[in-house]
Amino acid sequence: QVQLMESGGASVQAGGSLRLSCATTGWKDVSYCMAWFRQAPGRKREIVATVGVVVGSRIADSVRGRATISYDSSKNILSLQMNSLTPADTAMYYCAADRGGPFCQPPSWETHVFPYWGQGTQVTVTS
């Protein structure tokens, strides 16, 4: 059974940085597409970044230049480094997983339904 658990969310001041982690257990496939999503109150969930065994990493336009995604397959830990945070980054952040595929990059990632999700970790950025 695949399980994902996020950690690292916190309340930070604008301009600060955070590193979010997602521990994945039960993942036994060498093929993967791991993703970070976020959802702010009253807003649609949006994808932040993906990392796949074939396509490498992809970063959404909204955070490009401020975010780095990585996946340590030896430890089964997905990470998201976010820098220069602004109040607009305030949201619940979720990790998600699926086997690798062409959906692991734009534009396909907009419509793909990931089968595995974590519970989320809250990021709050204050001005």
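**Pockets and salt bridges**

Reply: Starting with Arg-38, that residue is buried, with a relative accessible area of 6%. Keep in mind that this is a predicted model.

Me: Ok, what does Arg-38 form a salt bridge with?

Reply: One partner is Glu-46, and the closest N and O atoms of that pair are 2.6 Å apart. Asp-89 is another: its side chain meets the one of Arg-38 in a salt bridge at 2.8 Å, N to O.

Me: Why does Glu-46 count as partly exposed?

Reply: Because its relative accessibility is 32%, and partly exposed covers what lies between under 20% (buried) and over 50% (exposed).

Me: Which residues are linked with those in a network?

Reply: Arg-66 comes in too: Arg-38, Glu-46, Arg-66 and Asp-89 are linked in a network of salt bridges.

Me: How many salt bridges does the whole structure have?

Reply: Five, from a search of the whole structure. Among them is the one where the side chains of Arg-64 and Asp-61 meet, at 2.3 Å, N to O.

Me: Arg-64 and Asp-61, buried or exposed?

Reply: Both are exposed.

Me: Switching to pockets. What volume does the largest pocket have?

Reply: About 330 Å³. It's lined by 17 residues, and Arg-45, Glu-46, Ile-47, Trp-109 and Glu-110 lie nearest its centre.

Me: How does that lining split by class?

Reply: The largest pocket has nine nonpolar, two polar and six charged residues in its lining.

Me: What about the second largest pocket, what's its volume?

Reply: The second largest pocket comes out at about 150 Å³.

Me: Which residues line the second largest pocket?

Reply: Arg-38, Gln-39, Ala-40, Arg-43, Lys-44, Glu-46, Ala-88, Thr-90 and Ala-91. By class, that lining divides into three nonpolar, two polar and four charged.

Notes: Residues are numbered from 1 along each chain as its sequence is written. This is a predicted model: local features need pLDDT of at least 70, side-chain atom pairs count only at pLDDT 80 or more; totals for chains, interfaces and linings use all residues. Side-chain values use heavy atoms; hydrogens and water are left out. On a 1 Å grid over the protein atoms alone, a cavity is a set of points where a 1.4 Å probe fits but cannot get out, and a pocket is an open set with protein on both sides within 12 Å along at least five of seven lines; lining residues have an atom within 4 Å of a point. Grid points are joined across faces, edges and corners, and a volume is the space filled by probe spheres set on the points. Ala, Val, Leu, Ile, Met, Phe, Trp, Tyr, Cys and Pro count as nonpolar, Asp, Glu, Lys and Arg as charged, and the others, Gly among them, as polar. A salt bridge is a side-chain nitrogen of Lys or Arg within 4 Å of a carboxyl oxygen of Asp or Glu. Buried means under 20% relative accessible area, exposed over 50%, partly exposed in between (1.4 Å probe, protein chains only).
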